[in-house]
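Here's a walk through a two-chain model, from the overall build of each chain to the places where things pack together. Have the structure open while you read.

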Amino acid sequence: MDYQVAWYLIVGILLIGYAILDGFDLGVGILHLFSKTDHDRRIFLNSIGPVWDGNEVWLITAGGALFAAFPDVYATAFSGFYLPFQILLVALIFRAVALEFRSKEKMKWWRNTWDRAFAIASIIASLLFGIAIGNIVIGMKIGADKEFMGNFFSHLNGYSLLTGVFTVSLFMLHGAVYLMRKTEGELQNLVRKWAFRAFWIFIVFYFVVTAYTLYLKPQMVANFSFGMVQGDFDKHPLIIDNQYLISIVAWLVVILNFLAILNIHRNLVKKNELPAFISSALSIAALISLFALGIFPNLMISSIDPAYSLDIYNASSSLKTLKIMFFVALVGVPFVLSYTIAIYWVFRGKTKLGENSY
Amino acid sequence: MSLDVEILARFQFALTIMFHYIFPPFSIGTGLLLVIMESLYVRTKNPVYEKMTRFWIKIFAANFSIGVATGIVMEFEFGTNWATYSRYVGDIFGSPLAAEGIFAFFLESGFLAILLFGWDKVSPRVHLFATCMVALGSIMSGFWIVVANSWMQTPTAFHIVGEGLNARAEITDFWGMVFNPSTVIRFTHTIVGAFIQGSFLVISVSAYYLLKEKHYEIARRSMRISLIVAFVASAFQPVLGHIHAQEVAEYQPAKLAAFEGHYETQKQAPLYIIGGTDPETKSTYGIKVPGMLSFLVGDDFDHEVKGLNEFPRDEWPNVSLVFQTYHAMVALGMYFIGITAIGIILIYLKKLATKKWLLKIFVISVIFPVLANQFGWISAEAGRQPWIVYGLLKTSDALSKSVAAEEVLISIIMFMIVYILLFFVWIYILNKEIKHGPEEVDLDQETDYYHRKERLGFFTRKD
């Protein structure tokens, strides 16, 4: 394994961390739209209150890591997704500000306005993440000079919109499962009802997206097809040398992912809060891992010519930078993990409103 | 109609960074004060210090959250608007940004949770530790971003690899990049500037309470702590500014010449106290101290200072803008030293609370460090032009090729609307928190009762 592969894994881990952690923040935001009373809404906001900021740092750090390790991807992706990305940033700004300020006034219109802003911003952000993933799967109009050649509307194709809505349903379920753990009594029953609904919506989209992906892009399984499917691009030597091992593990992940999804439902029925959340988190990790394995060693696929795709070699920084930053990550990550865990531990248990609450 | 992408992209960067930079110095400055206040609480167990800390944390949080929200934009703006720049220097420039995420942002945001919501969940010592970590995180964040910016000012430790479209800068020495010639001095200058801005916020609010004769105990102590910090920090700035000017003279002589509207290379170069400059006629006018620039730069009145005429006309920055912002910053810096010195003397004489005129000046003075920090950065950044990386890459060659002018314009309009809204919400909330003031009595019982009422409503609700 070389440093390029290691950095592909690191960026992947950061994105998985972001999706699991901010995924439930966004999900809580989406569900926020359905809650009726001020008390419920405050419980929702305060359930993510102490942690949302740290969760968003995973995205910022993933952006920084992408910049450091794969500057061409950073440049092509963010200039290519220009307007969607600007809208995403505005949505994230609104989420942060709505959360901080909605409870500062008692007026109904004030709180309702911020609540709506919070929910709509959460939906838009989730949708845009999904649209970005969808576009990467089907490929983008990337030219020989590594520049994106399409426009705003080339991002809004049927497949990407579908993955966008799928991501909304995924985060909605994840958020509901998280809220199960943070609420109690009557409110928990209400959240549980939502979780079941979100579950079935998610299941429908899960099958539709999986089927549509296999129909549109069967090459997505090339890397774990026991060598039976030839992709658009040359396979990485790591894949060729270990094709049986990788294929077996990947299909195990597919099966385990499906079991984890069923396990969410089982634990919702049995009201096992923590196992339900862990299953949901594992399912997100599995989905992103399979996506990453599917496009490996590419980071962005060109729909014009596979040779124009940005992969971990033609888009990476120099070996020296990759080595240095690998060491930086090695030193930094244990700290990050230890205080992240410590903070979740301090704020464990059911959310209660107090004088410092939002 | 053809819109110019370069002008729009530069305008957008200026808009988003200047708006963002209202907030981090408040966080860094008040962060330091929070550490001092809470340490006093943990040491003395005096509840006044606890109330004080709790109150200033609320103010801190309002600034911090907008700082974070507007900061996310900056992390990605190099990719959205300056893709060619990102490709060209990403090998070097990306590293400090990634390090900022790993070492600073996680620290800040993680411990912020304990700072805001952890009062009843951890011991006072652990809470103080969290406060220290948040303050440290905000300073480290400042460090890494100043490292990145300083490399753009004084690029070192790189070599150019490849040719034509594939050419890019690659790193040769990581620590050489981190500690490039301007990092240390610019970091110190920036952080001390942030200390001044944060202290002036506390001074302003405390002066307001003293004028209104409210929250006397907290206002008096807050005033004393923040005035001392502001004075020490302000008094340091000229020393740092002097070292900084020598560094700029050595590595960015065109910028230094623009600071002073200095066109002809000469010995005994003058320093302007106030004035103006016109690059068309190459003339600078105003009140000047003869020979002072030579002395400042070379510790010798006969030191020869390079003028702008040594550089091709198309490599000059906007001389008038750089001159004016630089001089405004220096003038404000002098004002900070004077006004804080008067404040400290009056505290020593125990007469501050009766000097209403000075308290009034203190109330409005919070605006000046904000301006000084903005002006300083404008002169630093505009002074680097037309280079995005000094001497290596021109700003006009650094744009995103796939982004159309209309797209930049749409996003500018969007950010303007959002930022204007944010600004007013921020002012409104600050105003409300300040009017409300620190807690005088323990409100625990009251809030419980309030929530119980809400809860009753919740139980009887049908859905």
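In chain B, 76% of the contacts with a separation of 6 or more are between residues 24 or more positions apart. Bear in mind that this is a predicted model. Chain A gives 75% for contacts between residues at least 24 apart, counted among those at least 6 apart in sequence.

Here's how the two chains look side by side:

| Chain | Helices and strands | Span of the C-alpha trace | Buried residues |
|---|---|---|---|
| Chain A | twelve helices, two strands | about 60 × 40 × 35 Å | 56% of 358 residues |

How does the secondary structure of chain A run along the sequence? The pattern is α-α-α-α-α-α-α-α-α-α-α-β-β-α. Chain A has a radius of gyration of 21 Å, close to the 21 Å that the globule rule gives for 358 residues, so chain A is as compact as a globular protein of that length. For chain B, a compact globule of 463 residues would come out near 23 Å, and the 24 Å of chain B agrees with that.

**Where the chains meet**

On to the interface. Here 67 residues of chain B are in contact with 63 residues of chain A. Which elements of chain B give two or more residues to the side that touches chain A? They are α3 (47-81), α4 (83-117), β2 (168-171), α14 (405-436) and α15 (444-460) of chain B. The largest share, 23 residues, comes from α4(B). By type, this side of chain B splits into 34 nonpolar, 18 polar and 15 charged residues.

**A helix pair in chain B**

Now take helix α2 (residues 24-44) and helix α5 (residues 124-153) of chain B: their axes come within 9 Å and cross at roughly 155 degrees. Angles over 145 count as roughly antiparallel, and α2(B) and α5(B) are therefore roughly antiparallel to each other. The crossing of α2(B) past α5(B) is left-handed. On the α2(B) side, the residues making the contact include B:Pro24, B:Ile28, B:Leu32, B:Val35 and B:Val42. From α5(B), the contributors include B:Leu128, B:Cys132, B:Ala135, B:Ile139 and B:Gly142. Altogether, the residues of this contact divide into twelve nonpolar, six polar and two charged. B:Glu38 of α2(B) and B:Arg125 of α5(B) are among the residues that make the contact.

**A helix pair in chain A**

Chain A has a pair worth a look too. The axes of helix α6 (residues 108-138) and helix α7 (residues 158-182) of chain A come within 7 Å and cross at roughly 135 degrees. That angle makes α6(A) oblique to α7(A). Is the crossing of α6(A) and α7(A) left-handed or right-handed? The crossing is right-handed. From α6(A), the contact takes in residues including A:Ile123, A:Leu127, A:Phe129, A:Gly130, A:Gly134 and A:Ile138. Facing them from α7(A) are residues including A:Tyr159, A:Leu162, A:Gly164, A:Phe166, A:Thr167 and A:Phe171. The contact of α6(A) with α7(A) counts 13 nonpolar and eight polar residues, with no charged ones.

Technical notes: Residues are numbered from 1 along each chain as its sequence is written. Chains are lettered from A and ligands numbered from 1 in the order in which they are written. This is a predicted model: local features need pLDDT of at least 70, side-chain atom pairs count only at pLDDT 80 or more; totals for chains, interfaces and linings use all residues. The radius of gyration is taken over C-alpha atoms; the globule rule is 2.2 Å times the number of residues to the power 0.38. Two residues are in contact if their C-beta atoms, placed from the backbone, lie within 7 Å. Helices (H or I, at least four residues) and strands (E, at least two) are DSSP runs, numbered from the N terminus. Ala, Val, Leu, Ile, Met, Phe, Trp, Tyr, Cys and Pro count as nonpolar, Asp, Glu, Lys and Arg as charged, and the others, Gly among them, as polar. Axes are lines fitted to C-alpha atoms, for helices over the stretch in contact, and angles run from 0 to 180 degrees between N-to-C directions. Angles under 35 degrees count as roughly parallel, over 145 as roughly antiparallel, 65 to 115 as roughly perpendicular and the rest as oblique. A crossing is left-handed if the near helix is turned anticlockwise from the far one by less than a right angle, and right-handed if clockwise. A residue is buried if 20 or more other C-beta atoms lie within 10 Å of its own, exposed if 12 or fewer, and partly exposed in between; C-beta atoms are placed from the backbone.
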